[in-house]
Amino acid sequence: MDSDVLTRADQAPAAPAPSTADPLWWRSAVIYQVYVRSFADGNGDGTGDLAGVRARLGYLKDLGVDAIWFNPWYPSPLADGGYDVQDYRDIDPRFGTLAEAEALIAEALELGIRTIIDVVPNHISDQHPWFQEALAAGPGSPARERFWFHPGKGENGDEIPTHWVSSFQGETWTRTTNPDGTPGEWYLHMFTPEQPDLNWNHPDVRREHEDILRFWFDRGVAGVRIDSAALLIKDADLPEVGEKPDHPTEDRDELHDVYRSWRAIADSYPGTRVLVGEIWVPDIDRFTAYLRPDEMHTAFNFDFLARPWGAASFRESISATLAAHAPVGAPSTWVLSNHDVTRPVTRYGREDTAFAFLRKRFGVPTDPQLGLHRARAAALLVAALPGSLYIYQGDELGLPEVEDLPLDLIEDPMHFRSGGTDPGRDGCRVPLPWAGSSAPFGFGRDGSAPWLPQPAGWSGLTVEAQAADPDSTLSLYREALRLRRALPALGDGPLEWWDDAAPAASDVLAFRRGDDFACVVNTGDDPAALPAGADLLLSSSPLEHGALAGNATAWLRIGAATDPHPTAHTTEAPAPRG
Ligand code: GLC
């Protein structure tokens, strides 16, 4: 064969593709979420960047992750932390270049780490050329049909077209001004006015996103996290909520066709490229309908994330999740936090341990020690459950929510749209502490101020400090992920509740994976006896006289000699068995 045919000079070198060796990698993957702006700052300007991530890939390899999910890294005015995308095919210059992203994807793959990127299909930045074109073109123009421009109600068109409420609170329509200065049409934005919603009934919108998927799959990304995935389609009649049986803006049946076409694109690439949905849909059967075999691969399990601390609520969520996923054949995901929610160390240290948007307030009393114990216990619990696991950067360091950011530095629109009563989400987005005893703790160059200030008390929480301490939260995560990789029963596969080891209606949760692995979680405050004759593999807190401490989890190796019935709750030595 003529070798010239194979090496045509006008073809770019092929991007490295994820390995095809394990087509089911996503069913049990450990996926680490990188919020680029706050991960590591390579150039010392106070903002995290791709150079910083490239320099820390070894850290992620040592932690034991299979993939990285990057929050949006595209050029953006950052009206909503990058979820206002100006150009879906480039990298924000503050983070680096497209060439650096390509190098990062390739370098990570060499370490066995896949890359998942964030796509934001529901809305774009108001600075995106499409929206600018639509504004300039005026009412009735084809450029406006890619969005939801609509005349207002009332004689002068000055009444809002619908009273749909934004997830960020407040109204979802903003009135435009015509090129001649007169008041014009209104446009829809389910989030901020800087994030106009796209019209998914328009063929340009569908084609454009299919092309964006190909653009990134061609560059070797192994999957996409789909932002606000249940919001894309709206009822074009613009009914108010409750006027018709189905919701006008959420979880509409027509969405499934969109994801079927995306799945066909993903499946046309080698190495199993995955679709991961951000789906906040309370009805679990409607939620798992997105995970049918020709739609998304997985979706974030927010039911578990939002649950209050406690054996009963955890068990109920785990059982319902597994039962609803089984019929569609999809694995569940387990997520303790992300860039939108309160850090677990803080959330679990409060009286109200459930998570809900719009309920965040300043000054909620918190017990950080209790929160840390519970967050460590929860980390071992979720790492032992069937399915894939997400770790939000900094949770492996046990970072708390930063609740005393100077008000003038807060950028999150959720704070402003609440009228300042909700602290917003910046408290979980504070730059990571890597090393040293004072800010910026190795996040960037000494003397450079990170875009959000780090608490002085974080010197004990740096990667450097924790790596040297076998009892640190980082060491716990490393050991858990090492065991998870080594033990075939963990990751994807069945789970069996082990009721003999967890007295009914107690604070203890126990389950088995495979023949010889068990996980026991004590959500109460008092120690709980463990099954006799089991080997302790790992625990989130030291055992107390052989019993599992309160607010702790243990991983056990069990065998024929294990007696599941925990010795009675007593501090006396157990009677010899014979
Ligand atoms: C998702 C993102 C969040 C963003 C919103 C709007 O919920 O996780 O950070 O603000 O979508 O894009």
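Which residues line the second largest cavity? In this predicted model, where local features need pLDDT of at least 70, side-chain atom pairs count only at pLDDT 80 or more, and totals for chains, interfaces and linings use all residues, the lining consists of Leu-336, Pro-344, Val-345, Leu-372, Ala-375, Arg-376, Asp-395, Gly-398, Thr-473 and Tyr-477. Residues are numbered from 1 along each chain as its sequence is written, and side-chain values use heavy atoms, with hydrogens and water left out.

A cavity is a set of points, on a 1 Å grid over the protein atoms alone, where a 1.4 Å probe fits but cannot get out, whereas a pocket is an open set with protein on both sides within 12 Å along at least five of seven lines; a lining residue has an atom within 4 Å of a point. The second largest cavity has a volume of about 60 Å³, a volume being the space filled by probe spheres set on grid points that are joined across faces, edges and corners. Helix 11 (344-347), helix 12 and helix 15 each give at least two residues to its lining, and helix 12 supplies the largest share, three residues; helices (H or I, at least four residues) and strands (E, at least two) are DSSP runs numbered from the N terminus. By class, the lining of the second largest cavity has six nonpolar, two polar and two charged residues, where Ala, Val, Leu, Ile, Met, Phe, Trp, Tyr, Cys and Pro count as nonpolar, Asp, Glu, Lys and Arg as charged, and the others, Gly among them, as polar.

Across the whole structure, a search finds seven cavities of 30 Å³ or more, and the largest cavity has a volume of about 100 Å³. Its lining comprises 15 residues, of which Ala-379, Val-382, Leu-389, Ile-391 and Tyr-477 are the closest to the centre, and the elements that contribute two or more residues are helix 12 (368-383), strand 11 (388-392) and helix 15 (473-486). Thirteen of these lining residues are nonpolar, with one polar and one charged.

The ligand, by contrast, sits in the largest pocket, in the sense that more than half of its atoms lie within 2 Å of the pocket's grid points. About 920 Å³ of space lies in this pocket, which is lined by 39 residues, with Ser-167, Ile-279, Trp-280, Val-281 and Phe-357 nearest its centre. Helix 8 (284-288), helix 9 (302-306) and helix 10 (311-325) each supply at least two residues of that lining, and the lining of the largest pocket divides into 21 nonpolar, eight polar and 10 charged residues.

Around the ligand itself there are 14 residues, the closest being Asp-80, His-123, Asp-227, Glu-278 and Asp-340, where a residue is near a molecule if one of its heavy atoms lies within 4 Å of it. This shell has three nonpolar, four polar and seven charged residues. A polar side-chain atom of Asp-80 is 2.6 Å from an oxygen atom of the ligand, a side-chain N or O atom of Asp-227 lies 2.8 Å from a ligand oxygen atom, and for a polar side-chain atom of His-339 the distance to an oxygen atom of the ligand is 2.9 Å. Taken alone, the ligand exposes 310 Å², of which the protein buries 95%, with accessible areas from the Shrake-Rupley method and a 1.4 Å probe.

Two backbone details remain. The peptide bond from Ala-439 to Pro-440 is cis, with omega near 10 degrees, and Pro-440 is placed in the loop between helix 13 (413-417) and helix 14 (463-467). Asp-251, in the loop between strand 7 (223-226) and helix 7 (255-267), has a phi near 55 degrees, a positive value in a residue other than glycine.

Notes
A polar contact is a pair of N or O atoms within 3.5 Å; within protein, one must be able to donate a hydrogen and the other to accept it, and residues adjacent in sequence count only if both atoms are side-chain atoms.
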